[in-house]
Each structure stands twice: as structure tokens, then as C-alpha cells.
Amino acid sequence: MTWSDRQRAMLAEMGIRVWAAPAAEPAEPAVAGPITPASTQAAAVAARPSRGAFGEAVAAPPLSRATSPASLVEFVPASADIATLDWPALREAVASCTACALCESRTQTVFGVGHPQAHWMIVGEAPGEEEDRRGEPFVGRSGQLLDNMLRAIGLSRQPGETPDPAKQVFIANTLKCRPPGNRNPLPDELARCEGFLIRQIELVQPKIILAMGRFAVQSLLRSNSPIGQLRGRVHRYQGVPLVVTYHPAYLLRNLPEKARAWDDLCLALDTVEAAAGAHPHDRAGD
Ligand code: URA
């Protein structure tokens with residue numbers, strides 16, 4: 001495999017240095033050290049995809065509101081309603097949701113962004129301060145890292161020229177509202193919000209899901225196992241291949257783990273390409 005100068009430069013920006021030729025994987029990745037992806041392939045830096053157009057919002061069926069944290073049963077009919085919504089109705093349902101107390105502190109909901117039929121679905125945790133202000137997921141520091149990582153394998157959420165959904169991502173969070181002070185999501189909040197994410201995944205029908213961080217993993221895999229134990233293999237969510245990886249915010253605090261996150265990205269890329277029947281050497285940029 002050969003890495004283009006541009007790919008190398010982008011990875012270097014992320015603190016990841018790649019060798020021209022693959023080498024044996026070190027037992028523990030060094031800080032900003034060389035990486036030897038499980039996949040030895042790199043994709044081309046693709047043209048930037050266009051953002052999804054969801055059309056005009058229409059009135060959504062009312063969400064039933066649970067009256068206490070213990071009354072999750074009351075939320076079940078709401079989830080059933082959500083399961084029938086199309087994109088505009090789902091967007092509207094999220095925007096007007098009052099199912100938990102986060103609606104009182106949010107500036108706005110953060111629905112998600114990307115192509116509605118993107119092959120890649122990225123699932124994060126919850127909006128932070130900047131996301132709450134701008135209404136878009138992953139626009140702070142961790143978002144910059146995420147964008148760089150995606151760009152390094154030819155993916156982007158940015159508006160652009162390519163109509164190819166294989167090069168596009170849809171980014172969503174487990175929670176659509178910011179928890180005050182960026183605290184961890186509460187189980188009750190996750191339970192009340194998860195119908196939205198489930199419906200987003202149903203509508204996108206991604207070829208691969210990248211679950212970033214423990215709350216995404218808890219929601220999608222119903223697992224409390226540490227990320228370190230779950231990463232490195234392909235799981236399934238409703239039949240869709242799912243790769244577990246570290247949350248970008250964690251990567252910013254733990255630089256050595258970037259090498260592992262890169263391996264995870266390569267595993268996801270290999271998985272999606274194998275499913276599409278692509279020969280690894282067919283990838284542009286090799
Ligand atoms: N972290 C997340 O998980 N999601 C965001 O949208 C921003 C930061």
C-alpha cells in the first residue's frame with residue numbers, strides 16, 4: 001500500500017504518523033507513533049459529499065411524555081410512533097421533543113447531519129456547548145478530529161460535489177439535546193431519546209455503523225463492556241455491521257489511542273468494502 005502525501009499530512013495533523021510500508025503492530029501504540037493499521041489499505045481523499053436534503057418539515061405525531069423516570073412504559077407508545085416517521089416528520093419530532101428535562105436547558109436540538117442514504121453512520125454521545133449553539137453534531141474540537149479521520153479515508157460530511165453515498169456519512173448522537181455542563185447522559189435520558197436514533201438508522205440504512213464511545217455502544221449493543229474489549233471486531237446492529245471505537249473527545253485526552261482508532265476506521269472501511277465486493281487494490285489512491 002502506498003499513502004499519498006496528502007493522506008500522510010492529514011494523518012500527521014491528527015498526530016498519527018504512517019509508514020510507507022506496513023510493519024508489525026506494536027504491542028502498545030506509542031504517543032503519536034507509527035501506526036500499522038489492521039487494514040493495510042487507504043482510500044482516496046474523495047470529493048466532498050453533499051449534505052442531505054430532508055425537505056420541508058411537516059407536523060409530527062405528538063410524542064407521549066413520560067411523567068416520571070420510572071414510567072418508561074409510557075414512552076413505549078411514543079417509540080412506536082417514531083418508528084413510522086419519515087425524515088421531515090422525524091426532524092420535527094426531535095425539534096419539539098419534551099420527553100425529558102433536557103428540553104428545558106437546551107438552546108436547540110441537534111438532529112444529525114449528512115446524506116440521508118449515506119453508507120456510513122457515525123453515532124456519538126450527545127451535543128456539547130458548541131453543538132447546542134450551532135445545532136450540528138461534532139462541530140467542536142472533537143468534531144475537527146472526527147472530520148480529519150473521516151477525510152483520511154475519503155469520507156466527509158461537508159457539502160460537495162460527489163453524489164456517491166458510499167463516500168458520505170450521516171452523523172448522529174444518542175442524545176439530541178445537550179446535558180447541562182456536558183455531564184454524562186442519564187439512563188433515563190438515553191431511553192427516552194433512543195427511538196430517534198433507531199429511526200434515523202432505519203431511514204439511512206447504512207452499510208456500516210461506527211459507534212463512538214461508551215454511550216453509543218450502550219445504546220446500540222446493549223453492552224457495558226469497555227470499549228477496549230469491544231473494538232477490533234465487527235458487531236451487528238439489526239444486521240448492520242457495527243465497529244466500536246473510542247470517542248474523539250477521549251482520543252484528544254489520550255493521544256496513544258489514536259493509533260487504535262485509526263485501526264478501527266480501517267476495519268470499518270475493510271468491512272464495508274468487502275460487503276460491496278470491492279477488491280482492496282481497487283481503491284483509488286493505492
Ligand atoms: N461529542 C459527541 O458525542 N457528539 C457531539 O455532537 C459533540 C461532541
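I began with the surface and noted that the protein exposes about 12500 Å², of which carbon and sulfur atoms supply 53%; accessible areas come from the Shrake-Rupley method with a 1.4 Å probe, and for residues only the protein chains shown count as cover. I kept in mind that this is a predicted model, where local features need pLDDT of at least 70, side-chain atom pairs count only at pLDDT 80 or more, and totals for chains, interfaces and linings use all residues. Residues are numbered from 1 along each chain as its sequence is written, and side-chain values use heavy atoms, with hydrogens and water left out.

Next I looked up burial, and of the 286 residues of the protein 53% count as buried (under 20% relative accessible area, with exposed over 50% and partly exposed in between, using a 1.4 Å probe and protein chains only).

I then turned to the cysteines and found that the structure holds zero disulfides (a disulfide being a pair of cysteine sulfur atoms within 2.5 Å). For Cys 100, the nearest cysteine sulfur belongs to Cys 177 and is 6.1 Å away. Cys 100 counts as buried because its relative accessibility is 17%, and Cys 266 counts as buried because its relative accessibility is 0%.

Last I looked up His 115, which sits in the loop between β3 (113-114) and β4 (120-124); strands are DSSP runs of E with at least two residues, numbered from the N terminus. His 115 is buried because its relative accessibility is 17%. I also noted that a polar atom of the His 115 side chain lies 2.8 Å from the backbone nitrogen of Gln 117, and that the C-alpha atoms of His 115 and Pro 165 are separated by 7.0 Å, although the two residues are 50 residues apart along the chain.

Conventions:
Helix = DSSP H or I, 4+ residues; strand = E, 2+ residues; numbered from the N terminus. Polar contact = N/O pair within 3.5 Å; in protein donor to acceptor, adjacent residues only side chain to side chain.
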